[in-house]
Amino acid sequence: RQGGVRKAVAVDETGRTVLLIAPDRLDIGAMVRYLRNHRRIAGHMRVVPPSVLRQAVQRRVRTNLSRVAVNGLFDTMPEFSARFVLNAWQGIVLGASSVALAVCVALAPLTSLFVLHIILSVFFLGCVALRLAVSRNVRKREAPTLLRAMKTEEMPVYTVLVALYKEADVVPDLLVALGRLVWPRSKLEIKLVCESDDRETLAAIRAQQLRSYIEVIEVPPQGPRTKPKALSYALPMTTGELLVLYDAEDRPHPFQLVEAWQRFRASGNDLACVQAPLEIANRRESWIAGMFGFEYSALFNGILPWLADRNLVLPLGGTSNHFRRAVLENVGGWDPYNVTEDADLGLRLARLGYRTGTIASPTYEDAPTTAKVWLPQRTRWFKGWAQTWLVHMRDIRQLLRDLGHAPFYVSQILTAGMLISALAYAVFVATVCGLAAYILAGHIPSFPHFGLLLLDTINIVFGHGAFLALGWWTLPRTERRGLWKLTLLTPVYWMLLSAAAWRAIWQLYRCPHTWEKTPHRPSRTRKEKLRGNTTVGPALTAP
């Protein structure tokens, strides 16, 4: 692997072949003894700093790394690549369905509207049923797993990957948070993955005094400009047996790596990934952040553990995923063309026979505080779920064979269901408001009108109820104050979700691989325990 470069062959200024050795986790004593017995070889060896050797190799292989990052999955597993939005039969079905819908609406508008509402309601109520099922069996918030004593010699090399783009403002806090991770520094490598033309972020990183285990990887500015493309470029330059992803604004629990490693040790090799819960630290900053935190509590403390306990498909979060590196490479890594590479990878792992679990040590991060920031992020998520669904539904029978019946139907809810239910919400609300106005104007509604009004009212009431119930049960008691405000704001928030979903459908047509960047800033409510000493990377080691 390029990241594991211990030696390389080069030609010196005299034309003589020399062997470059990087003393990275090298047994110096053994090397000295070897050279004493083979003095002739010593004249052909040069010792260079590991970072210098890695940078030299990176420059030589930059073109190949870019090619593999962009085309690797498409070349090896084209059936899992989102490079093309639709395949042939999907395009035919979409075109035929669009024409058929237009004809039906023109010939029988009321009947067509009723049938369309029935179809939308199936997906909408599927999401409601999932939330209600989780609410009934929600696992109470766990204390972090009791960690066992660790022996440094037993611990593997752990890689931390952080993709940054236009993140200069949060670089100092990121480095402090990463420096608090508990892991032997001799077996820790942190890779800050940046676009090579992002000069502000690179300058902010270089202004810090980086520890020896922190390295910057510059990704050539080649399309698609997505986070998974950057991660795919960086992966060959890492050496860890285990690997975790973090976002620029993340503050992971110091013992998160330890808990993940011990979970992997206690499980079989089919456990490919564990997801740490994400907790929103700035819920009080705005109503948008409050609703976002409410959603995250339901997802990471309710839905994902429930799915993992039942060995169902688990859509990964975009950060704090801990992988067995060998498995990650075996399944093709990240899809550079999918803008929710996390959900796609979770489904691909399940299809290829691997399990995904959850751990308790959280990662703190900040939610968007304005609709202007929130909307592009949520649009990207919806667009990515649509990409994921289209990719994996190219061969429906094969998907059903890979997953089995229960995981197959759950995967439909988690991908297409979430998107369609968001699209449908605006349709339901518009229909209810329109029919209410029709009745108030003195018109006598027909039976289909009453049926539509009743159906959409049930959808809205049960949808809100399931959303609030799951969020309530997964929130800690200290955070449950002011639930009545969330109840009043839920219809507004869901209309925003619907707007993001419709925007995602438009973008899927116009610019399917465009990554809308979510800007981050230092949080005003950052926890005091993540402040304090500003030295980057304190010398924490395993007890």
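Buried means under 20% relative accessible area, exposed means over 50%, and partly exposed is in between (1.4 Å probe, protein chains only). This is a predicted model, where local features need pLDDT of at least 70, side-chain atom pairs count only at pLDDT 80 or more, and totals for chains, interfaces and linings use all residues. Residues are numbered from 1 along each chain as its sequence is written, and side-chain values use heavy atoms, leaving out hydrogens and water.

**View 1. Strand β7, covered on both sides.** Here are residues 242-246, and five of the five are buried. Leu-242, Val-244 and Tyr-246 point one way, while Leu-243 and Leu-245 point the other. Helices (H or I, at least four residues) and strands (E, at least two) are DSSP runs, numbered from the N terminus.

**View 2. The neighbours of β7.** Two strands pair if DSSP finds at least two bridges between them. Strand β4 (residues 158-164) pairs with β7 in the parallel sense over five bridges, with Thr-159 opposite Leu-243. Strand β11 (residues 321-324) joins β7 in the antiparallel sense over three bridges, and there Phe-323 is the bridge partner of Leu-243.

**View 3. Ile-458 in helix α16.** You'll find Ile-458 in α16. Ile-458 counts as partly exposed because its relative accessibility is 35%.
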